[in-house]
Amino acid sequence: MKFRKVFAIVLALAVILALTACGGASGAKKGAVTVTDMTGREITLEKPATRIVALTASDCEILYAIGAGDTLVGRGEYCDYPAKVLDVPSVQSGYDTNIEQIIALEPQVLLMSTMAQTEEQIAALESAGVQVVVSDAHDIEGVYTAIEMIGALMGKDENAAAVVDGMKKSFAELKENAAGDGTKTVYFEVSPLEYGLWTAGSGTFMDEITRMLGLRNAFDDVEGWASISEEQVLERNPDYIVTITMYFGEGPTPEEELLSRSGWEDVTAIKNDAILNLVDNELSRPAPRLVDGAKMMYDFIYGETAENAA
Amino acid sequence: MRPDPGVREEGAAAPSSAMPALRREGFGPGAYLAFAGVMVCTMILCVCAGSVSIPVRDTVRVIAAAVLGREIPAVSARSIILSVRLPRVLCVALTGAALSLCGAAMQGLLKNPLADGSTLGVSSGASLGAALAIALEITLPGIPFAGTMVMAMLFAFLSLILILSLAYRLDFSLSTNTIILIGVIYSMFISSVLSLVIAFAGDHLKSITYWTMGSLAGSSYKNALVLLTALGLCGAVIVCHARELNAFAIGEDNARHIGVNVKRVKLTVMITVSVLIGVCVSIGGTIAFVGLVTPHMVRMITGPNHKRILPASLFGGATFLMLCDLLARILFNPVELPIGVVTSFIGAILFVVIFYQSRRAHA
């Protein structure tokens with residue numbers, strides 16, 4: 001399954017490269033861009049996009065990372081990084097996405113992930129002249145594909161390549177320096193105890209980065225995001241806890257709350273106060289900031305090193 | 001250990017003790033013992049079984065030591081049993097008992113076999129109250145989460161009053177269909193208001209959304225104590241009104257004729273039910289079908305007398321919800337199901353079966 005996914009993405013990447021190459025060779029309209037999006041649809045733009053609406057937070061982050069943030073004319077409700085993106089008008093998200101508003105913004109391209117919109121909505125957008133491009137990364141390799149695809153759409157291939165290279169280099173460095181032998185375990189907490197525990201299992205970015213750092217996800221036998229039993233957390237006795245629970249500025253912080261849970265006193269991570277609170281979705285979004293999240297986890301587990309401090 | 005249908009076992013145990021009880025009208029000590037016995041057995045099963053398997057011997061040693069105040073043996077599973085499993089099982093049992101008692105009382109009061117906190121919209125009213133308390137940051141100084149609890153109770157009561165007065169206006173006889181229809185419409189209305197609250201809740205959005213999903217995971221002894229207090233007080237009030245509920249079952253006019261203060265009894269029972277549902281909802285969210293199904297199952301064993309239905313619903317509800325929670329905990333281990341999924345699934349099927357059988361019996 002995993003292999004097929006990676007294979008499909010590599011294939012998609014190859015197709016993109018081939019198509020862009022062909023586009024140049026066959027002497028199509030000057031400056032035209034053709035990309036294959038992450039569902040395999042082929043999209044051709046007469047010239048790189050200058051007005052774009054992005055529905056997912058990660059795509060907004062990618063646009064800013066490749067220096068195309070100023071082309072963003074509309075955003076999804078939950079896009080919140082970098083702070084500048086909040087000035088861009090929101091067109092809602094998911095089922096509430098405001099198609100009329102998107103059309104009124106007259107973008108050339110709408111970037112979204114799979115499952116957010118219905119076929120009819122997409123057809124309506126396309127008949128209004130908005131090209132729908134799907135970015136849908138499930139692993140780090142997929143993020144590279146998404147960045148390169150968006151780079152091609154915006155005519156910022158070089159910037160995109162630079163971002164991808166930077167990410168690859170940082171990850172390689174982290175992987176090389178990480179001294180773990182895959183025995184220490186990390187438990188990721190997505191939702192706090194009060195509302196039932198949720199964790200990130202295998203097939204998530206957190207899981208991928210955990211393995212990269214020479215550690216093991218305590219719940220790697222669970223697929224994707226899942227509600228898990230508190231008993232199991234105590235039984236598996238994780239060495240580290242990474243919580244991405246939100247904090248609204250009242251009551252105990254997620255860290256304090258974890259430390260105060262009754263029955264958790266004997267968990268290794270609690271005993272050693274080995275808790276990291278990632279507050280900005282660094283590890284949950286398929287975007288360049290995955291590197292930041294990975295570095296924070298590295299620093300948290302192995303202590304700050306000269307290379308990473310630099 | 002014990003197979004799932006705890007209530008069926010009660011069925012086997014009840015006839016011997018229920019027959020003399022019938023003559024005595026009340027709930028004889030034998031019947032109490034049988035029901036309590038089944039409940040305690042279920043409780044032991046639920047504490048011993050779970051996501052992590054722990055030897056029964058260790059479980060017993062840990063709990064015995066904790067209860068007797070001796071030094072707790074350093075078994076690795078100690079915290080799992082004492083801090084996670086036991087408080088949760090206690091909360092589940094108390095919630096199940098409280099909701100079932102409420103269901104039984106409302107079914108009797110309204111002479112309506114489909115009445116229950118969830119079908120009437122009382123539970124959704126309570127959850128709206130709690131969500132408002134979170135969104136508007138209503139708190140009682142000094143006592144944590146008392147704000148949500150009081151708001152939940154208040155809204156539960158207001159909902160009940162609103163639904164019933166509307167139903168009276170439309171149909172003085174308060175027929176089954178009218179009440180249920182209004183309850184369904186009211187629930188929809190409440191859920192739209194709830195969505196509105198969530199849309200304007202800003203930063204509190206996440207905690208409200210999580211909260212409306214309902215969960216008894218992470219229950220503490222403090223929750224159990226609150227539930228126990230509420231159930232003790234309100235349960236006593238409701239059980240003491242068994243005679244009046246019996247009179248209501250024959251008809252409100254008849255009740256009046258035999259000297260029941262109809263208005264006062266109605267108000268008392270409704271307030272107590274609202275308080276109990278409010279407490280349950282503010283601790284565990286809305287859990288559907290428990291209050292609806294348990295009284296029906298219990299009635300098949302005890303017959304229609306409320307002096308027996310009410311106490312039997314207490315034990316039966318606790319047993320039913322504990323078994324549902326056990327399934328939620330172990331079915332897809334280590335993944336946990338929301339308890340509402342299990343209760344609705346089992347409850348809906350059981351309900352159709354009961355409904356079908358009772359209709360056929362009448363025909």
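1. How many salt bridges are there between chain A and chain B? The count is three, where a salt bridge is a side-chain nitrogen of Lys or Arg within 4 Å of a carboxyl oxygen of Asp or Glu. One salt bridge pairs the side chains of A:E231 and B:R329, at 3.6 Å from N to O.

2. On the basis of the note: this is a predicted model, in which local features need pLDDT of at least 70, side-chain atom pairs count only at pLDDT 80 or more, and totals for chains, interfaces and linings use all residues. Residues are numbered from 1 along each chain as its sequence is written, chains are lettered from A and ligands numbered from 1 in the order in which they are written, and side-chain values use heavy atoms, with hydrogens and water left out.

3. On the extent of the interface: 25 residues of chain A are in contact with 24 residues of chain B, contact meaning heavy atoms within 4.5 Å. About 2100 Å² is buried between chain A and chain B, and carbon and sulfur atoms carry 58% of it. Buried area here is the accessible area (1.4 Å probe) that two parts lose on being put together, summed over both.

4. On polar contacts and the chain A side: 11 residue pairs are in polar contact across the interface of chain A and chain B, both residues at pLDDT 80 or more. A polar contact is a pair of N or O atoms within 3.5 Å; within protein, one must be able to donate a hydrogen and the other to accept it, and residues adjacent in sequence count only if both atoms are side-chain atoms. Two or more residues of the side of chain A that touches chain B come from each of strand 10 (225-227) and helix 8 (230-236) of chain A. Helix 8 of chain A gives the largest share, six residues. Helices (H or I, at least four residues) and strands (E, at least two) are DSSP runs, numbered from the N terminus.

5. On confidence: chain A has a mean pLDDT of 84, and 86% of its residues reach 70 or more. The pLDDT is the predictor's confidence in each residue, from 0 to 100. Among the elements of chain A, the highest mean, 95, belongs to strand 7 (residues 185-189), and the lowest, 44, to helix 12 (residues 306-309). Residues 19-28 of chain A have pLDDT below 50, and this stretch has five contacts in the model beyond near neighbours in sequence. Residues 306-310 of chain A are also below 50, with six such contacts. Where pLDDT is low, the predicted coordinates should not be read in detail.

6. On cis peptide bonds: one joins A:Y81 and A:P82, with omega about -10°. A:P82 sits in the loop between strand 4 (72-75) and helix 3 (99-104) of chain A. Another joins B:N333 and B:P334, with omega about 0°, and B:P334 is in the loop between helix 15 (306-330) and helix 16 (339-362) of chain B.

7. On positive phi: A:D273 is not a glycine, yet its phi is positive, about 55°. A:D273 lies in the loop between helix 10 (268-271) and strand 12 (275-277) of chain A. Its relative accessible area is 43%, so A:D273 is partly exposed; the class lies between buried (under 20%) and exposed (over 50%), with a 1.4 Å probe and protein chains only. B:K111, in the loop between helix 4 (78-109) and helix 5 (117-120) of chain B, has a positive phi near 50°.
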